[in-house]
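Subject: Handing over the structure

Hi,

Here is the structure I promised to pass on.

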Amino acid sequence: MGFLVPWVVENSEHSARLFRRAFQQFVGEGSGIARPADLKVQALSTPAAGFRVAPGSGMAQSRDTAGSARETYGPVNDVQITVSDVPGTGSGQSRRDLVFLEITDPEMESVTYPEPGDPEYTGAWLQGDTFCRITVIPNVDSLVPAAQRPVTSLDQITTGAFANVTGITLAAINYPPSTATITNAMIEDLREVQSPREKTVVRAFGVSGAEPERLTDNTIYPGGATWPDATRAEANFGIEVPSWATQALIIMAVSG
């Protein structure tokens, strides 16, 4: 294939492949969601044989061919999607289904997707639904050896019809026998933030020999003595929690 036209050169033709490769340079390798609440799979408001997928976006590293491993798609869903008429299980049979956002790019080589209509005469090329869809793989554990079960990622599937399919793993649905209605208790969230963020805050408080801290009350919580001395200004501080944070880990170390 040779060199792609560098991003960006005046009056040159820049391919979609170039932008997929540049996108991966920005976001890194791997597939996942952009923010913690994105593309969450939940039961329908009135549970039935289907589910809903929240709005959101993510990154899907190409699994098309070895040559496309450096390419990443950036699907964006701006509405809630409802998936209905998902087949249930029969008597005495449980099942695990995998739910993922599938990229349906007609340019892929190892997976065949239909070309949209001529963009000069139809609006198909302008519709995101032409190139993305929510896909369910029924009984997904049957596609991998027993030692690899349960399947928790599309990347585990390396043979069969889904071996080269590109997408973002969202959830698994664990069906009991004789069940058609999908409830939240059956949905296993498998989403991962592709580029997770963290912020470390360190607060140190020291005392000298001239001003010791003595704890004299050893009764159990909520009794006991307060340390550090809350009346001292340097022992009082706040920690700003970023708006994007979903959890906090607090570690206290005492030495001396």
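**What I found**

The side chains of E71 and R17 are joined by a polar contact of 2.4 Å (that is, a pair of N or O atoms within 3.5 Å; within protein, one must be able to donate a hydrogen and the other to accept it, and residues adjacent in sequence count only if both atoms are side-chain atoms).

Before you go further: this is a predicted model, where local features need pLDDT of at least 70 and side-chain atom pairs count only at pLDDT 80 or more, while totals for chains, interfaces and linings use all residues. Residues are numbered from 1 along each chain as its sequence is written, and side-chain values use heavy atoms, with hydrogens and water left out.

Back to E71, which sits in the loop between strand 4 (56-61) and strand 5. Helices (H or I, at least four residues) and strands (E, at least two) are DSSP runs, numbered from the N terminus. E71 has 2% relative accessibility, so it counts as buried (under 20% relative accessible area; exposed is over 50%, and partly exposed is in between, with a 1.4 Å probe and protein chains only).

E71 and R17 also turn up together in the lining of the largest cavity, along with R20, S62, D64, S68, Y73, D105, E107, M108 and E109. On a 1 Å grid over the protein atoms alone, a cavity is a set of points where a 1.4 Å probe fits but cannot get out; a pocket is an open set with protein on both sides within 12 Å along at least five of seven lines; and lining residues have an atom within 4 Å of a point. A volume is the space filled by probe spheres set on the points, which are joined across faces, edges and corners. Seven of the cavity's lining residues are charged, two are polar and two nonpolar. (Ala, Val, Leu, Ile, Met, Phe, Trp, Tyr, Cys and Pro count as nonpolar, Asp, Glu, Lys and Arg as charged, and the others, Gly among them, as polar.)

The second largest pocket has about 530 Å³ of space. It is lined by 21 residues, with P75, V76, G128, F131 and C132 nearest its centre. Among the elements giving two or more residues to that lining are helix 1 (16-27), strand 8 (95-103) and strand 9 (132-137). By class, this lining has 12 nonpolar, four polar and five charged residues.

Four strands form an open sheet in the order 9-8-10-11, with antiparallel pairing (two strands pair if DSSP finds at least two bridges between them). Strand 9 and strand 11 (187-189) are at the edges with a single partner strand each, so one side of each has no neighbour in the sheet.

What about strand 10 (residues 167-175)? Eight bridges join it to strand 8, and L98 stands opposite A172 in strand 10. Strand 10 pairs with strand 11 over three bridges, and here A171 stands opposite D189. Eight of the nine residues of strand 10 are buried.

Cheers
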